[in-house]
Amino acid sequence: MRLLLMSDTHVPKRARDLPQPLWTAVDEADVVVHAGDWVDESLLDALQARAARLIACYGNNDSAALRARLPEVARAEIAGLRLAVVHETGPSAGRESRCADRFPDTDVLVFGHSHIPWDSTAPGGLRLLNPGSPTDRRRQPHCTYLTATAADGRLTDLTLHRLPPR
């Protein structure tokens with residue numbers, strides 16, 4: 001299963017739309033994961049219409065309307081991989097142990113909020129991934145998103161994609 005991971009899109013505040021390379025990745029993915037901070041329902045509608053499967057949660061910048069449509073934590077099993085998606089995980093210090101305690105039945109936790117790409121593994125094996133933001137790089141050199149493959153309960157081929165400047 002081909003996975004596409006994104007977060008913190010902030011459409012239309014930080015960008016009018018997702019960058020074209022990201023829409024191409026949506027079309028190629030078996031599963032699209034969004035870790036919150038959509039800002040507007042129109043992007044949720046567009047991704048629901050275009051993605052083969054969407055797993056998503058809301059973020060701190062999302063409206064009541066988005067919160068009514070999305071959970072705080074989304075969970076799914078994909079090719080034997082137990083996945084959870086949440087927007088906020090707190091400060092980077094202690095993140096691995098805090099998340100391992102909060103998500104003991106999870107193999108991969110996708111999160112957002114910081115706009116900073118992150119890939120670490122907690123004691124016990126929980127993999128923590130933040131794809132960064134495809135539209136608002138903040139203090140990062142590039143806007144980013146992640147792709148990966150899920151098969152037989154494992155995550156492989158994890159790739160951080162840098163988007164060209166807008």
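The mean positions of the 20 positive and 21 negative charges of the protein chain lie 5 Å apart; Lys and Arg count as positive and Asp and Glu as negative, with His and the chain ends left out, and each charge is placed at NZ of Lys, CZ of Arg, CG of Asp or CD of Glu. The model is predicted, with local features requiring pLDDT of at least 70 and side-chain atom pairs pLDDT 80 or more, while totals for chains, interfaces and linings use all residues. Residues are numbered from 1 along each chain as its sequence is written, and side-chain values use heavy atoms, without hydrogens and water.

The protein chain contains four helices and 10 strands, taken as DSSP runs (helices H or I, at least four residues; strands E, at least two) and numbered from the N terminus. From that end the order of elements is β-α-β-α-β-α-β-β-α-β-β-β-β-β.

Of the 166 residues in the protein chain, 49% are buried, meaning under 20% relative accessible area with a 1.4 Å probe, protein chains only. A nonpolar core is a set of buried Ala, Val, Leu, Ile, Met, Phe, Trp, Tyr and Cys residues joined through side-chain atoms within 4.5 Å. The largest such core has 22 residues, of which Leu4, Met6, Val26, Val32, Trp38 and Leu47 touch the most other members. Two or more residues each come from strand E1 (2-6), helix H1 (20-28), helix H2 (41-50) and strand E9 (143-151). H1 gives the largest share, four residues. Another core, of 20 residues, lies apart from this one and includes Leu3, Ala76, Leu81 and Leu155.

Methods
Buried means under 20% relative accessible area, exposed over 50%, partly exposed in between (1.4 Å probe, protein chains only).
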